[in-house]
Amino acid sequence: MGLTLIVDEHGLGFDGYGIGDALEEQNLATIIGWVIDELTEDRPRHLLGISGPDDLFVSIEAGADTFDCVSPSRVARNAAVYTWRGRHNITNARFRRDFAPIDPDCDCYTCANYTRAYLLHLFKSREILGAMLATIHNERFIIGLVDQIREAISGGRFDDLREHVSGRYYA
Ligand SMILES: [Zn+2]
């Protein structure tokens, strides 16, 4: 699939637009808003470089359509896992004998087959499988969150979902 160049009123001529760089997290909405004001509405706006769940809500509200970011896999390689009740480091000693999945509400391969205690063991043993399993989980978490946001937008419940997710994640 090649890139089709269509010259729009701004003369940029792209099928979609990528927005990204080292965006200041506290000014994310303002910066995205400035950029999106300059773009046509009929092309997708792709944002690079989100990190936590709150960034997704802020960016979507500001007008971003699609995303990608190394953050879910990068933090996973350092044993940090996203859960609906916040971000945790799976090597914390409190998980040593914790035989629950990373997140009981998650339907990913890792959560279906492995425990927090086993993930801790893998990271402590420097087994690459730990990073792989944590990455699978974090990627699923982000995909699941975006699925929920998409449904909430369709149902007019975006603000309710944001409050619900943020209330649990950042509590
Ligand atoms: Zn999972």
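Helices (H or I, at least four residues) and strands (E, at least two) are DSSP runs, numbered from the N terminus. I wrote that down before looking up anything else.

**Ground rules.** I am working with a predicted model, where local features need pLDDT of at least 70, side-chain atom pairs count only at pLDDT 80 or more, and totals for chains, interfaces and linings use all residues. Residues are numbered from 1 along each chain as its sequence is written, and side-chain values use heavy atoms, with hydrogens and water left out.

**Entry 1, a loop residue.** I looked up R126 and found it in the loop between α5 (116–124) and α6. Its phi is positive, about 60°, although R126 is not a glycine. Is R126 buried or exposed? I noted exposed, because its relative accessible area is 78%; the cut-offs are under 20% for buried, over 50% for exposed and partly exposed in between (1.4 Å probe, protein chains only).

A79 sits in the loop between α3 (71–77) and β4 (80–83). Here too I read a positive phi in a residue other than glycine, near 75°. A79 counts as buried, because its relative accessibility is 3%.

I then went to helix α6 (residues 128–154), where H137 is found. H137 has a relative accessible area of 0%, so I put it down as buried. Which residues does H137 touch? Leaving out residues up to four places away in sequence, I listed V81, Y82, I102, D103, C106, C108, T110 and C111. Contact here means heavy atoms within 4.5 Å.

Next I traced three strands that form an open sheet in the order β1-β2-β3, with parallel pairing. Two strands pair if DSSP finds at least two bridges between them. The edge strands, each pairing on one side only, are β1 (17–20) and β3 (66–68).

How many bridges join β1 to β2? I found four, and G18 stands opposite H46 in β2. Strand β2 (residues 45–48) is joined to β3 by three bridges, and L48 stands opposite D68 in β3.

For β2 I noted R45 and L47 on the covered face, and H46 and L48 on the uncovered one.
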